[in-house]
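Hi there,

Here is the structure I promised to pass on to you. Have a look first, and then read my notes below.

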Amino acid sequence: MGFSEADLTAIWLTLRLASVTTLLLLLLGTPLAYWLARTRSRWKGPVGALVALPLILPPTVLGFYLLIALGPEGPIGRLTLSLGLGTLPFTFWGLVVASLLYSLPFVVQPVQNAIESIGARPFEVAATLRAGPWDCFFTVVLPLARPGFLTAAILGFAHTVGEFGVILMVGGNIPGVTRVISVQIYDHVEAMDYDQAHSLSLAMVIFSFLVLTAIYSFHHRRKTGGGRYGL
Amino acid sequence: MAFKARFYLRQTDFTLDLDLSLPTTGVTALYGPSGAGKTSLLRLLAGLQRPEAGEVTFRDQVWQAGRRFLPPHKRPVGFVFQESSLFDHLSVRRNLAYGMKRAARAPDPAQYDHIIELLGIGPLMDRAPGQLSGGERQRVAIARALLVRPQVLLMDEPMAALDTARKKEILGYLERLKSELNIPLLYVSHNADEVTRLADHLVVLDRGRLRVQGPIRQVLADHDILGSLREAPFTALFGRVVSPSTTHRLTEVAVGDTLFRMPRQPVRKGQDIRLHLHARDVSIALHRPEDSSILNIFDCRIEAIEEPTPDGQQLVHLRREGTTIQALISAYSCAELRLRPGREVYAQIKALSILQ
């Protein structure tokens with residue numbers, strides 16, 4: 001069992017895509033999660049539903065609308081064209097945009113839950129100790145919600161690695177640009193090259209298992225262990 | 001130079017509608033039954049909650065007026081919450097440093113040491129909040145609030161979550177705080193013991209409205225207020241030590257013209273003290289008991305008798321010259337002795353405590 005040159009290219013591309021997506025999602029998803037966790041606005045319900053939509057929708061539906069929106073006639077496509085960036089479908093950054101949407105709930109929801117579970121009190125305590133909202137976020141919310149952020153990062157990364165349908169719709173199958181592991185496996189199977197498909201598939205199974213083991217044992221340890229403080 | 005506040009806030013169970021002028025010295029107790037709006041008032045003052053309409057002026061600073069709303073982190077208050085509010089991810093030392101670092105004027109080392117010593121938390125510095133007892137946690141929280149050098153300290157039932165022993169311990173620390181630090185304290189409580197021990201000024205709230213406020217001596221002298229609010233009925237008496245220790249090793253305290261005697265207390269002659277009389281420690285006899293071990297027996301007149309409680313007890317208001325005390329006796333005895341207003345009886349006081 002081994003990986004071909006093409007397999008390694010696909011693995012490298014997948015890891016790059018997942019890393020960029022996870023990083024951007026933590027940056028963009030955190031304010032959204034914070035707002036959802038703290039707001040009393042009547043928009044909380046609809047916005048929360050919108051964030052959760054990729055959990056339910058078939059990836060092809062998401063990919064279809066993205067293809068239209070990002071294409072030369074779509075609103076985002078027109079914007080990127082006018083900025084001289086060309087159109088995003090069938091490029092690496094097109095995949096990033098698609099993955100951001102696809103993995104959004106996997107990052108926003110754990111962070112939102114973690115912030116909600118802190119409760120209102122620490123925010124109030126920080127305020128009465130002269131910490132403004134930003135200060136409070138970095139010195140109180142971030143440390144207290146750290147397990148949630150860790151879970152969000154791991155889930156966002158792993159879920160992006162496992163992406164297939166959206167990629168096929170938006171990115172097609174261009175080696176080194178949009179051919180990620182799942183697409184590579186699909187190719188191997190199409191070509192009846194089951195040995196190659198086995199290696200990559202098994203690697204994915206092991207990877208996913210390790211990721212989930214890490215998350216579950218981490219949460220278990222937090223529930224049972226105590227006396228950890230002073231980051 | 002007062003602490004003026006006007007709030008209007010509709011809550012689900014009551015509407016808060018207050019217009020207050022609070023003192024900016026000493027200890028002010030916000031007292032009342034649960035659901036009276038005490039905690040809401042404190043949170044509104046700190047800016048943790050926004051009223052539908054409100055104005056707050058502290059000394060010469062405007063905290064809230066019209067559209068102006070000073071956010072909580074910009075108000076010069078210290079706040080102690082009901083339950084433990086320490087940051088779990090920081091050690092005691094770093095919890096204390098959290099507010100201190102951000103305070104407009106940090107305490108100097110001598111003040112820091114004084115506060116640590118006052119609350120007795122020196123040995124706890126490197127512990128995690130999870131390793132502290134409830135009482136220790138509250139002491140750290142009080143120190144943390146003091147170390148931002150607030151211009152007023154707001155405390156929301158800081159002992160509500162503690163057992164009786166821990167309460168006593170914290171109460172002792174609060175008394176030291178009161179006598180040694182010159183900082184106005186606003187203290188929410190529905191515990192009459194705490195209030196009479198600590199407060200100089202009493203603000204009584206009921207269902208979101210002000211019932212009465214004033215110097216504690218004056219408010220407590222008013223019968224109706226006390227009668228409707230107590231959970232464990234009691235009388236607070238203001239007296240002066242006549243003799244700290246007689247030949248029989250008793251302490252004598254004069255309240256008006258009445259002389260109270262009790263086992264020797266660590267007090268000085270001429271000292272002003274507060275005596276606390278639980279109604280359950282007062283019993284009634286029709287004739288003066290001749291051979292009783294009870295030290296304090298006074299002739300009084302029954303002023304009023306309240307309706308029996310569901311558990312068969314009746315509160316009897318007794319008057320002796322200018323002083324009023326209450327006795328909690330069984331409805332059975334009340335009927336058996338044929339007690340009624342105007343009747344002359346003898347009050348036997350089994351126990352009294354000195355508060356200061």
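This is a predicted model: local features need pLDDT of at least 70, side-chain atom pairs count only at pLDDT 80 or more; totals for chains, interfaces and linings use all residues.

Which exposed residues does the face of α3(B) turned away from its buried side carry? They are Pro109(B), Ala110(B) and Asp113(B).

Residues are numbered from 1 along each chain as its sequence is written, while chains are lettered from A and ligands numbered from 1 in the order in which they are written.

Back to helix α3 of chain B (residues 109-119): its buried residues are Ile115(B), Ile116(B) and Leu119(B). They lie on the same side of α3(B) because they cover an arc of only 100° around the axis, judged by the directions from the helix axis to the C-beta atoms. After α3(B) comes Gly120(B), with a positive phi near 60°.

Chain B has nine helices and 21 strands in total; these are DSSP runs, numbered from the N terminus (helices: H or I, at least four residues; strands: E, at least two). Five of the strands make an open antiparallel sheet, in the order β14-β13-β12-β15-β21, where pairing requires at least two DSSP bridges between two strands. Its edge strands are β14 (258-263) and β21 (353-354) of chain B.

Enjoy exploring!

Key: A residue is buried if 20 or more other C-beta atoms lie within 10 Å of its own, exposed if 12 or fewer, and partly exposed in between; C-beta atoms are placed from the backbone.
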